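Biologist: Hello! Could you show me how to read some features of a protein model, step by step?

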Amino acid sequence: AYTFKRNRPLTPFWVADIAKVNSMLLLEHARVKDIDVVIGGPPCQGFSSAGKRLFYDPRNALIGIFVKIIHELKPKAVLFENVPNVFTGEHGKYGEELLENLDKAGYVSIVKVLHAEQFGVPQMRRRAFVLGLRKDLGIHSFSFPKPSMISVNVEQAIGDLPSLKACEGSDPAHYLTLPQSVYQKQRREKSTLLFNHIAPNHSKDLVKKISIIPEGGANRHLSPEKRFSNNYFSQAYARLSRDKFAYTITGSFLNPGSGRFIHYKDIRALTIREAARLQSFDDNFVFHGTMSAQERHVGNAVPPILAKVLAEHLAKLLKSTGL
């Protein structure tokens, strides 16, 4: 909440337990009489393949609360986001119930798994989206936006940011080079100083271990005598490739052992700003709080570029109704 308010001070922001919120309170705090769109993204950790996937994780119940809010507010449109697992396997019932309840609430809904890298985000990230329109709007057939197919690799995303060793960096800092790609120029357009670019505080032992991992490689690719452990999943202690997409940015990217988060050139994990770039945040969006809080803010976000594409697409759909 603090980070959002600092970056978007004119936008109303209300901290509350959604389970205790009703429509009248929402409208009051939003300072409007009715709502065109309700967007929801319950925490994905209860469904994610990267987590424990506890079927009775209490966070999963938030999907039902989301539907309750829809029933009360009756917005023109609904947009829901989560990991694809919410519609498959043991957790598929949550997705099925969401669609059934939206139908009962008077909405036509479609579901699609979108790949962020197909919309100009320099990161392979698959997320399921549900788009629903109120039936009385008269639009009974619609689709998700088509991919832009703009391709941005890791170096085009973060190659202009100052090189750092582990534990180095200052906040704020200065850019040391001009933008080297269209993507970098766009991210830097509204920013004169560089924030959140401080290298993680790795131990000397960890720096030594990851120093032998080549670009695009991983601990598991090393010869047996150089491999420092076999007790990790395939993408742990892995280095990015400058000419490819990043892997999914999670809420644990400061830890090289949690995924492919080692810088393609520097001997360290990504900084908050580098991960934010790979998520497509503009540089003028500054993250606040502890490093672990900033890490979660970045890793749990929907990439802003993808969010903008969906928002503009939804705006066109609603405008076409004339309502």
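Biologist: In which loop is Tyr 237 found?

Modeller: This is a predicted model, and Tyr 237 sits in the loop between helix H7 (204–210) and helix H8 (272–279).

Biologist: What is the phi of Tyr 237 near?

Modeller: First the general idea: most residues other than glycine have a negative phi, and most peptide bonds are trans. Here, Tyr 237 has a phi near 50°, a positive value in a residue other than glycine.

Biologist: Is Tyr 237 buried or exposed?

Modeller: Residues under 20% relative accessible area count as buried. Tyr 237 has 11%, so Tyr 237 is buried.

Biologist: Thanks! Now, what about Arg 31: where does Arg 31 lie?

Modeller: Arg 31 is in the loop between helix H2 (23–30) and strand S1 (37–40). The phi of Arg 31 is near 65°, again a positive value in a residue other than glycine. With a relative accessible area of 68%, Arg 31 is exposed.

Biologist: And the peptide bond from Asp 171 to Pro 172, is that cis or trans?

Modeller: That bond is cis, with omega near 5°. Pro 172 belongs to the loop between helix H5 (154–158) and helix H6 (182–188).

Biologist: Let's step back. How many helices and strands does the chain have?

Modeller: The chain has 10 helices and four strands. Of its 323 residues, 47% count as buried.

Terms used. Residues are numbered from 1 along each chain as its sequence is written. This is a predicted model: local features need pLDDT of at least 70, side-chain atom pairs count only at pLDDT 80 or more; totals for chains, interfaces and linings use all residues. Side-chain values use heavy atoms; hydrogens and water are left out. Helices (H or I, at least four residues) and strands (E, at least two) are DSSP runs, numbered from the N terminus. Buried means under 20% relative accessible area, exposed over 50%, partly exposed in between (1.4 Å probe, protein chains only).
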